[in-house]
Amino acid sequence: MTPPTRTSTPLVTVEELAEQLDSANPPLVIDARPAEQFAAGHLAGAVHLDLWGVSLIDTSPAPLRAFTWMVAHLFALRGVTPQRPVIVYQEDSGPRAARLFWFLEYLGHPGVHVLDGGIRAWSAAGHATTTAAIAPAPSTWQATPVTDRVASWQDVLGCLRDPGTTILDTRSDAEFTGAVARAKRGGAIPGALHLEWTHNLAPDGRFKPASELRRMYAQLGVSPHQTVVTYCQGGYRAAHTYLALRTLGFPDVRNYTGSWKEWGDREDLPLAGANGVPPADPAG
């Protein structure tokens with residue numbers, strides 16, 4: 001049998017996934033949607049893992065270590081091992097799947113991908129789904145976190161004036177300006193660039209072509225030659241932009257998983273853009 005096509009990017013197409021599932025060594029497929037959607041129909045053989053409500057709002061060393069262990073344990077219970085590729089999907093190419101992708105890269109998995117377009121694209125291409133669920137076979141995977149895939153509040157604070165680091169806010173315009181406050185304080189991290197995560201997607205729910213994404217981020221001033229730290233409210237939308245930049249081959253992208261909920265609640269951290277005032281230049 002001809003070996004299945006292996007994508008060189010974090011995204012896999014419907015055709016690539018169908019070929020891989022028909023191979024002698026199929027990937028482990030994880031459905032990141034809510035449980036009721038998984039029960040209504042999913043890819044055959046997929047296991048379910050919804051981490052949407054699992055967040056961290058204190059990225060100090062001890063809480064971050066505990067959070068990392070807990071999430072790694074949940075993946076092991078679903079049968080994740082480094083020897084088997086993992087494909088994650090949701091309804092479309094949204095932040096649920098992107099966040100699981102980030103988690104697995106952060107935990108050191110060497111072969112994780114996202115189904116571009118999600119189950120919507122899968123069904124549109126004529127592929128079947130099933131309501132039959134299988135019990136996952138737990139693994140003994142001991143994750144080895146890759147520390148340069150995550151950023152803590154200390155990391156972000158330390159790089160505010162670093163010309164080699166770009167901080168990228170992926171929230172809505174109203175959140176960025178402080179017109180909408182979803183923490184104790186409204187506003188943005190000083191010096192952050194801003195582009196809402198939804199700009200990564202085409203109308204059909206797939207990621208925009210790489211050439212379009214590359215041009216969009218270049219115009220914003222985001223360079224692959226810098227460290228890029230993404231953030232949002234709780235690290236979910238930030239994971240989506242993390243995935244977009246990893247798709248473009250950016251080598252050093254980090255998700256500030258505590259994001260604005262942590263930063264905005266802490267009055268000892270610097271603030272820009274409070275009460276609707278545009279964020280200021282941190283050097284100004």
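## Helix α9

Let's start inside: Arg237, Ala238, Ala239, His240, Thr241, Tyr242, Leu243, Ala244, Leu245, Arg246 and Thr247 of α9 are buried, meaning under 20% relative accessible area with a 1.4 Å probe and protein chains only. Because eleven of the eleven residues of α9 are buried, this helix is largely enclosed by the rest of the structure. Gly249 follows α9 and has a positive phi, near 90°. Helices here are DSSP runs of H or I with at least four residues, strands are runs of E with at least two, and both are numbered from the N terminus.

This is a predicted model, in which local features need pLDDT of at least 70 and side-chain atom pairs count only at pLDDT 80 or more, while totals for chains, interfaces and linings use all residues. Residues are numbered from 1 along each chain as its sequence is written, and side-chain values use heavy atoms, leaving out hydrogens and water.

## The nonpolar cores

A nonpolar core is a set of buried Ala, Val, Leu, Ile, Met, Phe, Trp, Tyr and Cys residues joined through side-chain atoms within 4.5 Å. The largest has 48 residues, and Ile30, Phe75, Tyr217 and Leu245 have the most contacts inside it. At least two residues of this core come from each of β2 (28-31), α3 (61-77), β4 (86-89), α4 (95-106), β5 (112-115), α8 (210-220) and α9 (237-247). The largest share, eight residues, is supplied by α4.

Tyr217 is worth a look of its own. Leaving aside residues up to four places away in sequence, Tyr217 touches Leu168, Leu195, Asn200, Val222, Thr241, Ala244, Leu245 and Leu248, with contact meaning heavy atoms within 4.5 Å. Another core, of 17 residues, lies apart from the largest one and includes Ala151, Cys159, Ile167 and Trp263.

## The sheet

Five strands form an open sheet in the order β1-β5-β4-β2-β3, with parallel pairing; two strands pair if DSSP finds at least two bridges between them. At the edges are β1 (11-12) and β3 (47-48), each pairing on one side only. The parallel strands β2 and β3 are joined by two bridges, and Asp31 stands opposite His48 in β3.

## The cavity

The largest cavity is lined by Ala32, Leu49, Asp50, Leu51, Trp52, Arg96, Arg99 and Leu100. Its lining divides into five nonpolar residues, no polar and three charged.

Note on methods: Buried < 20%, exposed > 50% of the residue type's maximum accessible area, 1.4 Å probe, protein only. 1 Å grid on protein atoms, 1.4 Å probe; cavity = no way out; pocket = protein on both sides within 12 Å on 5 of 7 lines; lining within 4 Å. Nonpolar A, V, L, I, M, F, W, Y, C, P; charged D, E, K, R; others polar.
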